[in-house]
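Dear colleague,

Please read them with the coordinates open beside you.

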Amino acid sequence: MSQAGEPIALQHLGGMGRGCTLQGDGDALPPHLHVPKPPNLVRYDERVVQLNDCQQVSQDALYLRDTYLADVHTSVTATGRDETGGRWLAVRHNIFHPQGGGQPADRGRLGECEVVPVRHAATGLVVLHATESHSAGLDDLSEGDPVHARIDAGLRLLHAALHTAGHLVEAACRAEGWTLAGNNHFPGQARIELTPPDAGAQLADAEEREKASDRIRAFVAAAIADDLPVTAEHDDEGHRIVRLGEVHAAACGGTHVRSLADLQQVTISAVKLKKGRLRVSYTAAHRPLR
Ligand SMILES: [Zn+2]
């Protein structure tokens, strides 16, 4: 056994391959790739926060480095209570993705306790709450205690597939000249919303929308057939920039597949126009891991 606090076993769902890699200094983006930055975008990866007057806490966001890391031995690095009195724990090496950026939260376990990760507003740490059915399950844990963290691997793969497919659909829609207005990568509800430049006057025609849908499907199919790599790196300001080959770049803190051939069953339903906004609904799954 390694000392408490150090990861002693990393359970991979698949090889690292040429997956999401993080580098300290990102190259400059090609000028044709526009990267919108959400105003509340946080800096990712290793986070060091001052929890109170005498306690500094650090947390490593492992989920950003490796989507396929499902299991880690680590330690409790902080504990606290939310405004309703619910207890939370933060772990030193974190594999849980909290809800954000349109992607739902992971589910998983700390030891035998079922937990849900949440972004702690005051510190930015990802903290774990016990689910209702395991409400006392974290009570015995204190700072420094070793813990075994596991995510629901099937759910992680589905979320990563839907989220990455969302980037791809967005890229296809941007190629139409549309601007991103919103996204939702939840299973069963996945969609990208966009605004066309002329408030959709031309796209009010159903035939035009169907033609646009066909172009979007062709764009998506070609990118998957080309197996474009999905990479992540930090820009000069420390923001994490995710790219799909040369067709898309966006500031993002989600989990992604390694390359687009990891996606399967990507389907795009018809483009709908409502109040000047286009809605492109889609589905996606992760190919089975070998
Ligand atoms: Zn992303």
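To begin with one of the helices, α3 lies across β16 and β17, and its direction makes about 155 degrees with that of β16. Please keep in mind throughout that this is a predicted model.

The sheet concerned is an open one of four strands, in the order β11-β12-β17-β16, and its pairing is antiparallel. Its edges are taken by β11 (179-184) and β16 (263-274), each of which has a single partner strand, so one side of each is left without a neighbour in the sheet. Direction ignored, neighbouring strands of this sheet are turned by 20 degrees against each other on average. Within it, β16 and strand β17 (residues 277-286) run antiparallel and are joined by eight bridges; in one of these pairings, L273 has L278 of β17 as its bridge partner. Helix α2 also packs on this sheet, where it touches β11, β12 (191-195), β16 and β17, and its direction makes about 140 degrees with that of β17.

Helix α2 itself covers residues 153-174, which is 22 residues, and from its first C-alpha to its last it reaches 31 Å, close to the 32 Å expected at 1.5 Å a residue. The helix is mostly covered, since 17 of its 22 residues are buried.

How do the two helices meet? Packed helices are in general described by the angle between their axes and the distance between the axes. Here the axes of α2 and α3 (residues 206-225) come within 9 Å and cross at roughly 130 degrees, which means that α2 is oblique to α3. The crossing in which α2 passes α3 is right-handed. On the α2 side the residues that take part are L168, V169, A172 and C173, and they meet I216, F219, V220 and A223 in α3. As background to the spacing in such lists, an α-helix has 3.6 residues a turn, so residues three or four places apart point the same way.

There is a further sheet to look at, an open one of three strands in the order β13-β14-β15, again with antiparallel pairing. In this case β13 and β15 (248-251) stand at the edges with a single partner strand each, so one side of each is left without a neighbour in the sheet. From one strand to the next, the twist averages 20 degrees.

Finally, some figures for the chain as a whole. The protein chain has three helices and 17 strands, and of its 290 residues 38% count as buried. When the contacts between residues at least 6 apart in sequence are considered, 66% of them join residues at least 24 apart.

With best wishes

Notes
Residues numbered from 1 in each chain as written. Predicted model: local features only at pLDDT ≥ 70, side-chain atom pairs only at ≥ 80, totals over all residues. Helix = DSSP H or I, 4+ residues; strand = E, 2+ residues; numbered from the N terminus. Expected span 1.5 Å × (residues − 1). Buried ≥ 20, exposed ≤ 12 C-beta atoms within 10 Å, placed from the backbone. Pairing = 2+ DSSP bridges. Axes fitted to C-alpha atoms, helices over the stretch in contact; angles between N-to-C directions. Parallel < 35°, antiparallel > 145°, perpendicular 65-115°, else oblique. Left-handed = near helix turned anticlockwise from the far one by under 90°. Contact = placed C-beta atoms within 7 Å.
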